[in-house]
Amino acid sequence: MSGSLTVQNEKERDLSMAIRSSHEGPTYMVKYLSLLALVGQNAMVILVMRYVRTRGGDMFMATSAVVMSEILKCATSMLIIFYLHGSSFRRWAHHLHENILLQPGDCVKVSVPSLVYTLQNNLLYIALSNLDAATFQVTYQLKILTTAVFSVIMLRKVLSGVQWISLVILFVGVSIVQLQPESETSLEANEQRPLLGLVAVVVSCLMSGFAGVYFEKILKESKQSLWLRNVQLGFLGAIIGMITMEIKEGDRLRLNGFFHGYDAWVWLVIILQSLGGLLVAIVVKYADNILKGFAASMAIVVSCIVSVFFFDFKLSFQFTFGASLVMLSIYLYGRYVPKPMSQRLEKISTL
């Protein structure tokens with residue numbers, strides 16, 4: 001009798017696992033496709049941005065490009081919501097009214113990461129003004145570790161010992177890849193305040209980790225759709241971007257105009273940045289911020305390799321060693337994933 005019950009239990013368990021896997025299959029596909037797309041998008045942004053910022057001619061205002069990318073992200077998300085509601089303007093307007101205008105508290109909650117990112121960007125300017133480029137590039141990679149720490153604290157994420165080691169390897173690898181030998185010393189080195197710069201970049205890393213994990217928590221725990229969240233973030237980001245543009249480049253804006261220096265390449269940067277904002281939301285929704293960090297690190301390596309053909313970038317032992325560490329960290333993180341709690345309990349019960 002006990003044998004038949006055991007067989008029956010195994011059949012029920014196999015059936016439940018099959019049903020679960022059938023539901024998780026599309027999610028895993030979206031997860032890895034979005035990660036691959038994010039790697040490609042980040043690499044393209046790095047390359048195209050480098051081209052438009054180093055060529056000759058009139059330079060566009062970076063702050064205006066940020067505003068346009070946020071507006072484009074917001075508009076694209078609204079069009080997707082319109083399509084998902086059967087292309088009915090009435091249902092689309094009712095959905096936006098019900099979930100945005102009638103829920104101001106929810107919008108305030110979503111505004112937290114936007115405000116934190118704005119403060120973070122200001123801290124980065126302080127850090128860059130008081131640290132040499134090499135120190136800044138290495139220290140800023142601490143955001144990889146702060147993201148993992150906040151994921152464990154805020155999302156109760158479980159990481160294996162090997163995964164923690166892989167994050168440290170990733171930190172070292174990306175630092176080596178981005179660490180370029182300085183051929184010149186700054187004439188203003190005596191005016192720098194290294195301690196202030198170090199504090200600014202460490203606080204910036206903490207803010208980056210918190211904002212990313214906070215946004216992930218909102219996406220995964222709220223009933224609002226991914227696209228609605230992008231509408232809110234895009235709208236708030238555009239407002240904050242306009243305020244930042246006025247503060248930093250108000251005189252230049254009034255003198256030359258909003259679209260000064262724009263051409264097809266600048267619009268490509270804006271489109272890629274907007275696409276990146278949408279992809280980040282998808283990755284955070286279906287994967288997590290730690291994997292997003294791995295994707296961003298891989299994009300740095302890919303962009304450096306492509307730069308060999310377009311920007312006369314020369315591969316060095318330093319770059320090859322750092323890139324190898326990044327690859328190793330990605331393998332270790334994906335290979336040694338801790339088993340779900342249900343499987344661990346099941347294993348204990350069979351002992």
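Analyst: **Salt bridges, one by one**

Let's start with D251, which makes a salt bridge to R254, with 3.4 Å between the closest N and O atoms (the term asks for a side-chain nitrogen of Lys or Arg within 4 Å of a carboxyl oxygen of Asp or Glu). Keep in mind that this is a predicted model, where local features need pLDDT of at least 70 and side-chain atom pairs count only at pLDDT 80 or more, while totals for chains, interfaces and linings use all residues. Numbering runs from 1 along each chain as its sequence is written, and side-chain values use heavy atoms, with hydrogens and water left out.

D251 and R254 sit 3 residues apart in helix α9 (residues 226-256), so about one helical turn separates them (helices are DSSP runs of H or I with at least four residues, numbered from the N terminus).

E221 is exposed at 57% relative accessibility, whereas K217 is partly exposed at 27%.

In helix α4 (residues 104-130), D106 and K109 lie 3 residues apart, about one helical turn, and form a salt bridge with closest N and O atoms at 3.6 Å. Here D106 is buried, with a relative accessible area of 10%, while K109 is partly exposed at 36%. A salt-bridge network links D106 and K109 with R229. Across the whole structure, the search turns up 8 salt bridges.

For the helix packing, take α11 (residues 289-310) and α12 (residues 317-335), which pack at about 150 degrees with their axes 11 Å apart (axes are lines fitted to C-alpha atoms over the stretch in contact, and angles run from 0 to 180 degrees between N-to-C directions). The two helices are therefore roughly antiparallel (over 145 degrees; under 35 is roughly parallel, 65 to 115 roughly perpendicular, the rest oblique). From α11, residues including F294, M298 and V301 meet α12 residues, among them F319, V326 and I330 (contact is heavy atoms within 4.5 Å). By class, the contact of α11 with α12 has 13 nonpolar, 2 polar and no charged residues (nonpolar is Ala, Val, Leu, Ile, Met, Phe, Trp, Tyr, Cys and Pro; charged is Asp, Glu, Lys and Arg; the others, Gly among them, are polar).

Key
Buried < 20%, exposed > 50% of the residue type's maximum accessible area, 1.4 Å probe, protein only.
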